[in-house]
Amino acid sequence: MRLSETQRMFTPRAAPLSDFGSILRRLHIDGPLLGGLLLVCGFGLFILYSAVGENNRLLMNQVIRLGIAFIAMLIVAQLPPDFLRRWTPVGYAIGLVLLVLVLAYGEVSQGARRWLDFGVRFQPSEAMKLGVPMMAAWFLHDRQIPPRIGEIALVAVMIVVPTVLIAKQPDLGTSLLIAASGVIVIILAGISFRFMLGLGIAAIPGALVLWNFMQDYQKQRVLTLLNPDSDPLGAGYNIIQSKIAIGSGGLFGKGWTNGSQAQLEFLPERDTDFIFAVLGEEFGLLGVLTLLVLYMFIIGRGLYIAVQARDTFSRLLAGSISLTFMVYVFVNTAMVTGLVPVVGVPLPLVSFGGTSMVTLMAGFGILMSIHSHRKLLPH
Amino acid sequence: MSALLSPIKDVHSERRMFLSRVVLAAVVSILLLGLVIARLVQLQVVDHELFAEKSQGNRVRIEPVPPIRGLVFDRKDRVLAENLPAYQLELIPEQVDDIDDTLNRLASINLIEFEDIPRIKDLSRSGPRFKPVTLKFRLTDEEIASFAIQRPRFPGVDFQPRLVRHYPDGELVSHAVGYVGALSTDDLERLDPAAYAGTSHTGKTAVESSFESDLHGDAGYRHMITNARGRQVPSDTSELLDSLPFDETPMPGANVYLSLDLDLQRIATQALAGRRGALVALDPQNGEILALVSAPAFDPNLFAVGMSTSQYRELSENPDRPLFNRAVRGAYPPGSTIKPMLALAALEKNATNLTRKTVCHGYFQLPNDDHRYRDWKPEGHGPVDLHDAIAQSCDVYFYEISGDIGIDTMHDYLTRFGLGSKTGVDIGGESTGLVPSREWKRNNFSDRDNQRWYHGETVIVSIGQGYMLATPLQLASAAAALATRGKRYRPHMVAAVEDALTGERRMVQPERLPDVEISNEFYWENVLGAMHDVMQGPRGTARAVGFGAPYEMAGKSGTAQVVSIAQDEEYDDAELEERQRDHALFIAFAPLDEPRIAVALIVENGESGSSVAAPIARAVMDAYLGFGDDAS
């Protein structure tokens, strides 16, 4: 490792950087990513304040959750990617066991069995949001890239098992996101487009099979999307009200806390899944574009980190985390604007609620870890 | 270097490939987010106006404002029905934690009744949870005071001011004016939902019901900012109130002026006090109803205010049936009151003449039949002509000529006097009564034997018994037709309808009905003369009643056997005996030459038309003609 001696001469740590930059570096924090996250969260709190009806107690609640999530990010950022990689199979196995335990002993809430209570209540499916892409990246990291078909099949099993377990809770939204995060790893690993095309065609009968396995309410959501006016006070109500909210916002919006759809409670789930409609109503096209640009900056920074990563595991994981975040943003905004069926996906970093926030920020912690531990990697 | 560590991997090509995949993913991401942005542009720019309109419609709700119900006046502009502010006790379901406990505690301090609790609970569950449920429509001052002290113990329960229909004279006009009651589900199906939005009560009987469309008015509306559950949002929460459309004020209901004379109504009511019966007084010159009484009556305010289940049961199960409007709905055998009409029919059809005499021995027999049709006077009236037969009310005379008149002629003439069909009075709720005929019998009996008309049945009808039924209103109208020598007007209660805003009055024109045409004026002269002698002749049945009157009057008594008593009604013996006594009836009019009032009345189980019913008719006529005790 003599070379690293030479390298050390050029490390930025030795260079006369600003104090702030060096503090960030010592804390393994990526400045631009942190900046993007803080901007989105700040903007999110601003919208949330209006969406919860200017309720300071609820807002403080969210601030505390954000704080916990940022601490989680900070902790994860300290763990070197090698460490993460080594512990990935163990973590994944524990995750699977917990998912089985959830189905067996989990607490039922709102018709779904998602929670485990070991003194602390938590959702194992949340952990698997990171566990699945990590496992896929771990499996592919020391193999020939692009992977062979047999290897892909093995990865597919690693993805499908937790996906099915979560879908059985039932939690369709989370299971689809987890499947997506795994699939993204496979795509980034470089499987051929012909193979992807074949899978896509094979997915059509698969989708038909899936349709048969879907719960009635899930089918209803799909049908509702196709024609929301068929049941304007039932299943279509959310989409209709959300479109009215966004559409009536116009270019510049009705003004902060002045959205009649949101404030007069026409808009359901306005502080959680449909908070994007509150933004659209009160801040108009200008507001939603601002938020989307901030999101794109975060995603872009994540992809940059992925490209800069030094090993396969880090690359695939960083790429998957960034693109899964993109999927979150797309699914939520497309759902609220009536482009895709209503699946329970919150608007990341903005929607009220803390469960997914910690996972999300832990994911950004991994990105930061990958970026800031580059120079210390053995490669 | 890496190649040395992991020889199978081509790090450089892997990196290139990864980079291309990331670029591809970035492009796909931008396309997907571009799709969302395109959608946002479509919603927020292209279709913005459409959605802006929809959002406006979402938050503005039209709240109906009920109109003020029109007032009802008597012929001297005295208020019979008005609207008074009253405090009602309300409960807002969403503000009450334990509704059972709250209702039980309210019942224990006597603000509501225990047996009303299930009904109130149903009500509180049926509507939106923020909508108040009325527990009690009208609180007394004592109740308001006692509740005010205990209010902290009852969160979600409070009293609210409201306009409540009020009938100052209560029972006095209950059957003439009718009452309003809370809207029922049936009412809601029948009425125009737009006009009744916000209205809680509607007319249920008599004038209140038949002039509902005039009295009610039209609902106005005001615009309100509401949330998704329809709750009004205080307007100061935001600037949302800008650009709201103007409100529409409600159109108050029209005031209705009755031809009813409250003084006359009071005298008639007092005369019938303690009795079951009915009285109708008309102006024969135009058909205006001057008094309409059914006894016993009830307090219509109970319906307007809302009564407890036990109060309602007390009214509806009372054996004296106070809710039953005997004046228009009670169908009684008219007894001898129809004799003047049959006399005219007989004269017109030459079934008898003015000089024909019959010796009355107290009974009549048909040929080849042992059955004796008895006269009310067992020893008989001796030799009587038509005049005597009316004045003394000789049944045998009419039994004898009944065969010559024939049931079809009887039916024909009684029908011309308006019997057997609804008068079409403007308060509704009428019975048809019944004037039997061959045809009627054929159509209304199933077996052949009963479908035939028997001569004996004609005999019975000639004294207003048998199948014959008439309402007091029909008899009053017939009496009026006798008084005017055949000129008939449709009886009516409402004289004018006044627009509450402009004060413009629409007078109700008397409606002339087809005359009862009698070819010889002398027949009228004779029959009306006989009716005069009933009251003021030397041998008249009611001469004691007509004695000493400062004006000339005419009348005819009637006494009708009680047909049957319903098997399921329970009476003690004394009461049973009382209820099997004959009904007492009387028709009258005065003054004889220029009649201004015609009266018909019945006293159930009053036994004697001339001694029980006639004095009541006299009292009413005296009062109306200005000769009463308290005439001013």
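**Figure 1. Packing of helices α6 and α15 in chain A.** Helix α6 (residues 124-141) and helix α15 (residues 355-372) of chain A pack with their axes 9 Å apart, at an angle of about 20 degrees. This angle makes α6(A) roughly parallel to α15(A). The model shown here and in the other views is predicted. The crossing of α6(A) and α15(A) is right-handed. From α6(A), the residues Glu126(A), Lys129(A) and Leu130(A) meet Thr355(A), Ser356(A), Thr359(A), Ala362(A) and Gly363(A) of α15(A). By residue type, this contact of α6(A) with α15(A) comprises two nonpolar, four polar and two charged residues.

**Figure 2. Packing of helices α13 and α14 in chain A.** The axes of α13(A) and α14(A) lie 9 Å apart, and the two helices pack at an angle of about 165 degrees. Angles over 145 degrees count as roughly antiparallel, and α13(A) and α14(A) are therefore roughly antiparallel to each other. Their crossing is left-handed. The residues that α13(A) brings to the contact include Phe276(A), Tyr295(A), Ile298(A) and Leu303(A), and those from α14(A) include Arg315(A), Phe325(A), Met326(A) and Val336(A). The contact of α13(A) with α14(A) is made up of 14 nonpolar residues, five polar residues and one charged residue.

**Figure 3. The side of chain A that touches chain B.** The contact involves 43 residues from chain A and 42 residues from chain B. On the side of chain A, the elements that give two or more residues are α8 (172-188), α11 (237-249), α12 (260-263), α13 (275-308) and α14 (312-336). Of this side, α13(A) supplies the largest share, eleven residues. The residues of chain A that touch chain B divide into 22 nonpolar, 17 polar and four charged.

**Figure 4. A three-stranded sheet in chain A.** Three strands of chain A form an open sheet in the order β1-β2-β3, with antiparallel pairing. The edge strands are β1 (107-109) and β3 (121-122) of chain A, each of which pairs on one side only. Between β1(A) and strand β2 (residues 112-117) of chain A, the antiparallel pairing runs over three bridges. Within this pairing, Val108(A) stands opposite Arg113(A) of β2(A).

**Figure 5. Strand β10 of chain B and its two partners.** Strand β10 (residues 277-282) of chain B has six of its six residues buried, so it is largely enclosed by the rest of the structure. Both faces of β10(B) are covered: one side carries the buried residues Gly277(B), Leu279(B) and Ala281(B), and the other carries Ala278(B), Val280(B) and Leu282(B), also buried. With strand β11 (residues 289-295) of chain B, β10(B) pairs in the antiparallel sense over six bridges, and Val280(B) has Leu292(B) as its bridge partner. Six residues lie between the strands in the hairpin of β10(B) and β11(B), where Gly287(B) takes a positive phi near 85 degrees. Strand β22 (residues 597-603) of chain B also pairs with β10(B) in the antiparallel sense, over six bridges. In that pairing, Leu282(B) stands opposite Ala598(B) of β22(B).

Figure 6. Asp100(B) belongs to helix α4 (residues 99-108) of chain B.

Definitions and conventions. Residues are numbered from 1 along each chain as its sequence is written. Chains are lettered from A and ligands numbered from 1 in the order in which they are written. This is a predicted model: local features need pLDDT of at least 70, side-chain atom pairs count only at pLDDT 80 or more; totals for chains, interfaces and linings use all residues. A residue is buried if 20 or more other C-beta atoms lie within 10 Å of its own, exposed if 12 or fewer, and partly exposed in between; C-beta atoms are placed from the backbone. Helices (H or I, at least four residues) and strands (E, at least two) are DSSP runs, numbered from the N terminus. Two strands pair if DSSP finds at least two bridges between them. Two residues are in contact if their C-beta atoms, placed from the backbone, lie within 7 Å. Ala, Val, Leu, Ile, Met, Phe, Trp, Tyr, Cys and Pro count as nonpolar, Asp, Glu, Lys and Arg as charged, and the others, Gly among them, as polar. Axes are lines fitted to C-alpha atoms, for helices over the stretch in contact, and angles run from 0 to 180 degrees between N-to-C directions. Angles under 35 degrees count as roughly parallel, over 145 as roughly antiparallel, 65 to 115 as roughly perpendicular and the rest as oblique. A crossing is left-handed if the near helix is turned anticlockwise from the far one by less than a right angle, and right-handed if clockwise.
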